[in-house]
Amino acid sequence: MDNENNERRERVLSLIQPTSVPTIGNYLGALKNWADMSESYDCIFGVADLHAITVRQDPAKLRKQTFEMYALLLALGLDPEKNIIFVQSHVPAHSQLAWILNCYTQFGEAARMTQFKDKSAKHADNVNVGLFSYPTLMAADILIYQADYVPVGADQKQHLELTRDIAERFNAAYSPTFTVPKPYIGKAGASIKSLQDPTKKMSKSDANPKASVSMLDTPDDIRRKFKSAVTDSEAVVRYAEGKDGINNLMTIYSCCTGKSFEEIEREFDGKGYGDFKPAVAESVIETLKPIQDRYNELTRDKALLEKLAAEGAQKAAYVAGKTVSKVMRKVGFRQVNK
Ligand code: TYM
């Protein structure tokens, strides 16, 4: 991070909300790519607790889940020495920049966001202004670190496009200030579907517990959930239009084993779903096992996690502070002589 002006490596940033234990959708769509990118890029990863309160949260639960999500990020194998791993609310500059970006975003642009429309329908009793301006806070998260790439699942693509528009608008109005970020959306796994309704994305907040597999589910839970996954009556393992359930299971199996769809079709040639579903479950169990083991160890050491989060916040605040000062100067705020 220090040699920023001369040989800055490309920078990667992404955040995840601590609203509940992440699903294998979050993992295969985003977190797995974070871990894969963390060796070759300057990486900044965070827990988006500010975003979480756009939906009503229980305070004690939010505090606990934020801490657990932080531990889970470390359990992915992200190295806090090489990467910045932090909690969003620990860096107040995000909120500061979000306010400024609100003033460079049109009402119509924010109103077009499909996630806003979905969430306002789902939480009709609490359509708050924070929910509406959620994407400008997300833009601030990204632009404040001058990120080049943002690894996310397909559901965040529209927010990334808005972020790019805001950055380009600001740069054109003043002078180049923000790096215009590119989404990094993996080919496989960008949209893992619900096991009970494979036309819908797998979501942490699904009311049906059989619809999603969490990263901390036990092997027995995982076996049970895959056993009851909705498929079709053809009983042939092949990737094809109209076979949403099997396509989803093949995607999960492919992401966990590295096998291509052709290889999977060959492996299960002549076999039915009774063989395929348990194989998918075992591949998920095996993929999650090392992460779960590290997670269980890390959550026992609260002092270590608190120390790492404090260091992460300090490093993040340093990088964020530079962008915010620049932005404040450009929009015309008087600097105070300290
Ligand atoms: P969140 O917390 O909903 O999800 C975290 C990441 O998981 C991806 N994801 C999925 N990928 C594939 N299949 C699925 N079924 C699936 N469900 C979720 C999401 O695309 C995301 O990458 N707004 C963000 C958090 C955020 C953020 C940011 C992300 C806040 N600031 C800045 C990037 C950059 C969110 O709610 O993700």
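**Aromatic pairs in a predicted model**

Author: This predicted model holds 13 aromatic pairs.

Reader: OK, how are the rings of Phe 170 and Tyr 174 arranged?

Author: Their centres are 4.7 Å apart and the planes make an angle of 35 degrees, so that pair is tilted.

Reader: And Phe 170, buried or exposed?

Author: Phe 170 is buried, because its relative accessibility is 0%. Tyr 174 has 32%, so that residue counts as partly exposed.

Reader: Switching over, what kind of pair do Tyr 253 and Phe 276 form?

Author: An edge-to-face one, with 5.9 Å from centre to centre and 80 degrees between the planes.

Reader: Where do those two sit in the chain?

Author: Tyr 253 is in helix α12, residues 244-257, and Phe 276 is in helix α14, residues 273-298. They are 23 residues apart, and the pair links distant parts of the chain.

Reader: Why does Tyr 253 count as buried?

Author: Because its relative accessibility is 4%, and buried means under 20%. Phe 276 comes out at 0%, so Phe 276 is buried as well.

Reader: New topic: what sits over the ring of Phe 67?

Author: The charged end of Lys 302, at 5.9 Å from the ring centre.

Terms used:
Residues numbered from 1 in each chain as written. Predicted model: local features only at pLDDT ≥ 70, side-chain atom pairs only at ≥ 80, totals over all residues. Heavy atoms only, no water. Phe/Tyr/Trp six-rings, centres within 6.5 Å; stacked < 30°, edge-to-face > 60°. Buried < 20%, exposed > 50% of the residue type's maximum accessible area, 1.4 Å probe, protein only. Helix = DSSP H or I, 4+ residues; strand = E, 2+ residues; numbered from the N terminus. Lys NZ or Arg CZ within 6 Å of the ring centre and 35° of its normal.
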